[in-house]
Amino acid sequence: MNNLTIQETQELTQLAQQFDLSDEKLKVLIIDTFIEYEALGGDQSEAGFRIMDVYDHHCAQAAITEIFNSKEQYLLDIVNKFVIISTLGDCPQCGSELQDHEESQNGIYWLDTECSNCDYSCSNEPDWDCQPGGYAYDS
Ligand SMILES: [Zn+2]
C-alpha cells in the first residue's frame with residue numbers, strides 16, 4: 001500500500017479515455033505498476049516530482065508495456081511528465097502533510113505553514129508595515 005497518486009491533468013484524462021479507463025483507475029494502475037516493476041520506490045519523498053525525475057528508465061519502459069500492452073514510445077513520453085503527488089495531506093504542490101507553527105510577536109499571533117516534504121510554505125503573518133510602528137500605519 002502506498003500513499004501516492006498522479007496529479008490530475010488534461011493529458012491524464014485523454015490517456016485514460018484512449019484506453020477506456022477512468023482517471024482514478026489509470027492513476028492507480030500507473031503508480032502500482034511502476035512500483036511493482038521497481039521503476040518507482042513508492043516513497044513519500046517522490047511526491048511533487050515528475051515521473052521522469054525519479055524513475056528508473058529501464059524499469060519504466062517495462063511498466064508502460066505492462067499497463068498499456070504496447071511498446072509505443074509516445075506512451076512513456078506522456079507518462080514521464082505526470083506529476084506524482086501524495087494523498088496524505090493538503091500541500092498544493094505535492095499533496096503531503098502540512099505542518100503549522102504558531103508564531104507571535106508583540107502579542108500578535110499568526111501561523112507559518114510548511115510542507116513536510118517539499119519546499120512549499122505559506123504564512124498569514126501580518127503585514128508589519130501596516131501595524132502600529134510600521135511606516136504605512138495610519139497613512
Ligand atoms: Zn509539498
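The model is predicted: local features need pLDDT of at least 70, side-chain atom pairs count only at pLDDT 80 or more, and totals for chains, interfaces and linings use all residues. Residues are numbered from 1 along each chain as its sequence is written.

**Stop 1: α4.** Select residues 57-68, helix α4. Helices are DSSP runs of H or I, at least four residues, numbered from the N terminus. α4 has twelve residues and reaches 17 Å from first C-alpha to last, close to the expected 16 Å. The expected span is 1.5 Å times one less than the number of residues.

**Stop 2: the buried face.** Pick Ala60, Ala63, Ile64, Ile67 and Phe68, the buried residues of α4. Buried means 20 or more other C-beta atoms within 10 Å of the residue's own, exposed 12 or fewer, partly exposed in between, with C-beta atoms placed from the backbone. Look down the axis of α4: the buried residues fall within an arc of 110 degrees, so they line one face of the helix. The arc is that of the directions from the helix axis to the C-beta atoms.

**Stop 3: past the end.** Select Asn69, which follows α4 and has a positive phi, near 55 degrees.

**Stop 4: Glu11.** Go to Glu11 in helix α1 (residues 10-18). Glu11 is exposed, with 12 other C-beta atoms within 10 Å. Glu11 and Val79 are 68 residues apart in sequence and 8.8 Å apart in space, C-alpha to C-alpha.

Technical notes:
Axes are lines fitted to C-alpha atoms, for helices over the stretch in contact, and angles run from 0 to 180 degrees between N-to-C directions. Helices (H or I, at least four residues) and strands (E, at least two) are DSSP runs, numbered from the N terminus.
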